[in-house]
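Dear colleague,

Here is the structure I said I would pass on. My notes on what turned up in it are below.

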Amino acid sequence: MFGSQVIPPNKSPHLRKSDGEQGNTEMEGLLHSTEPSDLKIPSLPISAAAIMPSPILLWRFKVLLFFLWGVFCCKIGWDSVMRMSVNLRDLFLYEAFLYYNPLLLVTMMVWLWGVNLWVFAQSTISYAKIFDLDQNHLTHREIWKVATWMTIIVPISMTAYLYLYSHGEVSLAASQPVFLYCAVALILIFPFDIFHLSSRYYLLRTLWRIVFPLQAITFSDFFLADILTSMSKVFSDLERSVCRMVHRQVATIAWFEADSVCGSHSIGIPIILVLPYIFRLFQCVRQYKDTKEKTALFNALKYSTAVPVIFLSALKYHVLPDSWTNFYRPLWLLSAVLNSLYSFYWDVTRDWDLSCFTRIFKFNKPSLCSYLLHGRKWVYFWVIGSNFILRLAWTYKLSAHLRHNYLTVFTITALEMVRRFQWVFFRVENEWTKMSSKSNLQLSEISSEEKDKLLAPSDHNV
């Protein structure tokens, strides 16, 4: 193999000749190197690279198209709304907003989750190890691609809904949210290896374990369940939207009646609102059964405090006004304050393990310092203060009797998404710190055992 003779090409400059011909060959090679035909060979990749646009230019072009598309959708939607009568406009906008604001909020959450993964990728935190993900897990770039498509498709469907309804095509307008919801459901359960099959099934399996906690609770199980509690308003609006689709009430205003099966007084609203907290409570009970840690019971008590807030608020539609003002409303306020303060305390001391604010003022223990933020005190001040304020506002979205202003509720729900987005950083960081400390402890125990074996007296005679 290595001893075989290699025959170079005829025009190779490395072809060895006799001493008499070597000088002529060098001169011919020099002349050949200056010919125009040979100059074109190295210039081809340079010219091809010059034709291809730069990645920055392509990115700017995509951003420009995205901006123009947004302006186009806003223009069509505004003109469509202005065609309606004043009396019908507010009612129709409320209904259109009800169908599409859940998917818009889910899209926002996907964007924020991509930002979480991007920050983790820049740090020393291995989120794939924390969530026990395989090598095919989605990165932040792929998450952002999914969010981009969601950002494009959902507003297009909403614009088509407004346009068709304002132009008298009521049946076609009513089909737009139905097609969109069906498409989302089909993509989630699509059995073929497209649209990130492994990630979709990982999400569905985790949701199944949340609804039926029949096995040991993993970190990804209660992590996703905590996120679902922040999206309880989204699930409530999804239930109302699907109810209208099933009862053929899309693009109508019949459901505004108090006795409507899908109306705002429906008993299904508080039931759907409370389900994420019930699922999380059952997880805590299962965790206590497996570990016998009392902390799990106190955590279950925290989620149980959300139940009175939801159902006392819903009683306003089913009791007399005097009874609500004199008895049920004070109870609702008391339960709301208790739930907010308890949840805030648990976030700071348990989920984030800030140890009653000691990490804000003292950073004497480097192992407790943040891997992400490197002990920047202003970040802790900000996240604790904003978490306290948003926890108080979070009670607003759980209250069914405060839903008359849908824009206010949408804003508060979006702020709750931002609060959960901040919570993710510190919760994952705390889990990574625990895993690192546990690994270091196991390594130190193994090294001490090996050291004891080496220092132990031997019974063998030399």
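**Notes on the model**

F61 is found in helix α3, which covers residues 55–82. Please keep in mind that the model is predicted. The relative accessible area of F61 is 48%, so this residue counts as partly exposed. F61 also belongs to a nonpolar surface patch of about 600 Å², together with L64, L65, F67, L68 and V71.

As for the chain as a whole, it has 17 helices and 0 strands. It runs to 462 residues, of which 39% count as buried. The accessible surface is about 28100 Å², and carbon and sulfur atoms make up 68% of that. Among contacts with a separation of 6 or more, 71% are between residues 24 or more positions apart.

Next, the aromatic side chains. The whole structure holds 24 aromatic pairs. One of them is F92 with Y165, a stacked pair with 4.0 Å from centre to centre and 15 degrees between the planes. This pair links distant parts of the chain, since F92 is in helix α4 (residues 86–122) and Y165 is in helix α6 (residues 140–166), 73 residues apart. Both F92 and Y165 are buried.

Ring pairs also join W113, F131, F219, F222, F223 and W423 into a cluster. Elsewhere on the list, K292 has its charged end over the ring of Y288, at 5.8 Å from the ring's centre.

Regards

Definitions and conventions: Residues are numbered from 1 along each chain as its sequence is written. This is a predicted model: local features need pLDDT of at least 70, side-chain atom pairs count only at pLDDT 80 or more; totals for chains, interfaces and linings use all residues. Side-chain values use heavy atoms; hydrogens and water are left out. Patches are made of residues with over 30% relative accessible area and no salt bridge: like charges are joined within 9 Å, nonpolar side chains (Val, Leu, Ile, Met, Phe, Trp, Tyr) within 5 Å. Accessible areas come from the Shrake-Rupley method with a 1.4 Å probe; for residues, only the protein chains shown count as cover. A salt bridge is a side-chain nitrogen of Lys or Arg within 4 Å of a carboxyl oxygen of Asp or Glu. Helices (H or I, at least four residues) and strands (E, at least two) are DSSP runs, numbered from the N terminus. Buried means under 20% relative accessible area, exposed over 50%, partly exposed in between (1.4 Å probe, protein chains only). Contact means heavy atoms within 4.5 Å. Rings of Phe, Tyr and Trp (its six-membered ring) pair if their centres lie within 6.5 Å; planes under 30 degrees apart count as stacked, over 60 as edge-to-face and the rest as tilted. A charge sits over a ring if NZ of Lys or CZ of Arg is within 6 Å of the ring centre and within 35 degrees of the ring normal.
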